[in-house]
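Please keep the sequence and the model in view while reading.

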Amino acid sequence: MTARPPSDLLTRMRDTGERTLLVETTAAADPNAVYEGLRKRWGSVAPVDLEPGVPAWLVLGHNEAVGVLRDDRGFVKDPSIWRGHDAGLLGPQSALHLVLPRTPKPTLADADGVKHTRMRPPVDDALSQVDETRASAITRRLCGMLIDRFEDRGRADLVAEYAAVVPFLVLSELDGLEPGQAQRLQEITRAIFEAGAAARERTVELLEIVTGHIAHSRERGTRDIAGVLAVHDNFESDLERAQTLTAITLAANESLLAWIAQTLVLILSDPRFSNRVSGGRLHIDDALDEVLWRSTTNPNLMPRFAVRDVVVGDKLIERGEAVVVAVHAANHDPLIQSDDPWDTVGNRAYLSFGAGPHRCPAPRLGRVIARIAVAELLQRLQVKLVGDPKQVTWATSPWMRFPARLPVTFPPPQAQPPQGAWPPDMTAFTQ
Ligand code: HEM
């Protein structure tokens, strides 16, 4: 990857001693302090633990990160080559079994090489035919209905009742799912994340529902996301189509939750930021970009695995070792940053949508949904964050950064809102 320093100057994982836990980067009040501490100590690539005793390399440098993401021959998503399996690093209770299974995962985001090249075009086709005007109208309507639900209460948790719900509802409608199916799928998805050993049966149930929906979309000849996947020749089976539709929905869900919630946190907790938005000097789009620069939604990407020994920076990454690209740190690399905060306005050169073959296929659609979700809420309600903004609790995911809760208050309106049957009350599934 870089001009190779003499091998006695290279650091190997076994030379690294005590390592920072990856989740310390995402759950910290100030992730920058943690990433910059790692950069100062280790340079562009740092050793971390995914869980205590489960090592991985964290790529902090922008050039190095882009190099790893683009080099899909040198670094693959297939976790079966991870050397930690043979070393027995994962205990039975480890939460990493879903991330580092012994067998390759079937989904697009985890496919490599020829399989990924075959499965990606249908996703690009399905997402590029989504009409943005229709997506905007759907998002506006669903956001309005969600706000109706809590508007009269004068208080809400904007994560559980809004940011975590909007993406799933919007994607379900763009997928052509009926409201009842969407609700059932969200219940099952939540159960899968909580189920541990029972996750397999739940996954089977989920795929049965989505496979049925794919067949139904083909019969009806729909032109929604499911309809495009249903007739695409690149797939070998309806199971692959169902796995891909599920992967699209879940990928959108997590990233959008984080983008909407993070933007709301910044606007509600940082007077400099909120004054700039409300003062009209920055459009909501600029606010969304500033979030992706300052405190990105997917700070650490799911691991890749080195296919052979490779030098990155001054580290020797050995075959089968796990490599995590730290998008947040790459975005803050002093080599690409200037001291002028206005440089980020209108500048979308961040790595927040990834790079290389697995880069996000939906940055435009994601932006439409996030922009409208933030704008609708701010237009409808005069929200104020409850408690000290510095005390916001961050979710304990090593991969995503979003507030665990966002309690707010606002003056309730005079009139009572209508009580509709849709969208369903999904608060229980997002807490
Ligand atoms: C409608 C919304 C979205 C959809 C449907 C979507 C879908 C996807 C899919 C299917 C992938 C896997 C692509 C592949 O493996 O070829 C992906 C990757 C990715 N998405 Fe999105 N996404 C959405 C929104 C977002 C947002 C809002 C962000 C962040 C701001 C984001 C960040 C990423 C990143 C960083 C990757 C690359 C992951 C990697 O290389 O490991 N996505 N997205």
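Two strands are said to pair if DSSP finds at least two bridges between them. The structure shown here is a predicted model, and this definition can be applied to it directly. Strand E6 (residues 304-306) and strand E9 (residues 322-325) are joined by two bridges and run in the antiparallel sense. One of these contacts can be located by residue: Phe305 has Ala322 in E9 as its bridge partner. In general, the strands of a sheet pair through backbone hydrogen bonds, and the pairing may be parallel or antiparallel.

E6 and E9 belong to an open sheet of six strands, whose order is E1-E2-E3-E9-E6-E4 and whose pairing is mixed. At the edges of this sheet stand strand E1 (20-21) and strand E4 (75-76), each of which pairs on one side only.

A second open sheet has three strands in the order E5-E11-E10, with antiparallel pairing. Its edges are strand E5 (155-157) and strand E10 (384-385); each has a single partner strand, so one side of each is left without a neighbour in the sheet. E10 and E11 are connected by two bridges and run antiparallel. Here Lys384 has Thr409 in E11 as its bridge partner.

A pair of aromatic rings is described by the distance of the centres and the angle of the planes. The structure contains five aromatic pairs. In one of them, the ring centres of Phe150 and Phe410 are 6.1 Å apart and the planes meet at 55°, so the pair is tilted. Phe150 lies in helix H5 (residues 132-151), whereas Phe410 lies in the segment after strand E11 (407-409), so the pair ties together parts that are 260 residues apart in sequence.

Attention now turns to the ligand. Which protein residue supplies a donor to the iron atom of the ligand? The single donor from the protein is the SG atom of Cys360, at 2.4 Å from the iron. Cys360 is placed in the loop between helix H14 (327-331) and helix H15 (363-380).

Around the ligand there is a shell of 26 residues, the closest being His116, Arg120, Arg304, His358 and Cys360. By type, the shell divides into 15 nonpolar, eight polar and three charged residues. Helix H4 (113-128), helix H11 (238-269) and H15 each supply at least two residues of the shell, and H11 gives the most, with six. At least three shell residues come from each of domain 1 (1-105 + 299-344) and domain 2 (129-295 + 352-431).

A polar side-chain atom of His116 is 2.6 Å from a ligand oxygen, and a polar side-chain atom of Arg304 is 2.8 Å from a ligand oxygen. For Lys77, an N or O atom of the side chain is 3.3 Å from an oxygen atom of the ligand.

Key: Residues numbered from 1 in each chain as written. Predicted model: local features only at pLDDT ≥ 70, side-chain atom pairs only at ≥ 80, totals over all residues. Heavy atoms only, no water. Donors = N, O, S within 2.8 Å, 3.2 Å for Na, K, Ca; no water. Helix = DSSP H or I, 4+ residues; strand = E, 2+ residues; numbered from the N terminus. Near = heavy atom within 4 Å. Polar contact = N/O pair within 3.5 Å; in protein donor to acceptor, adjacent residues only side chain to side chain. Nonpolar A, V, L, I, M, F, W, Y, C, P; charged D, E, K, R; others polar. Domains from an automatic or database assignment. Phe/Tyr/Trp six-rings, centres within 6.5 Å; stacked < 30°, edge-to-face > 60°.
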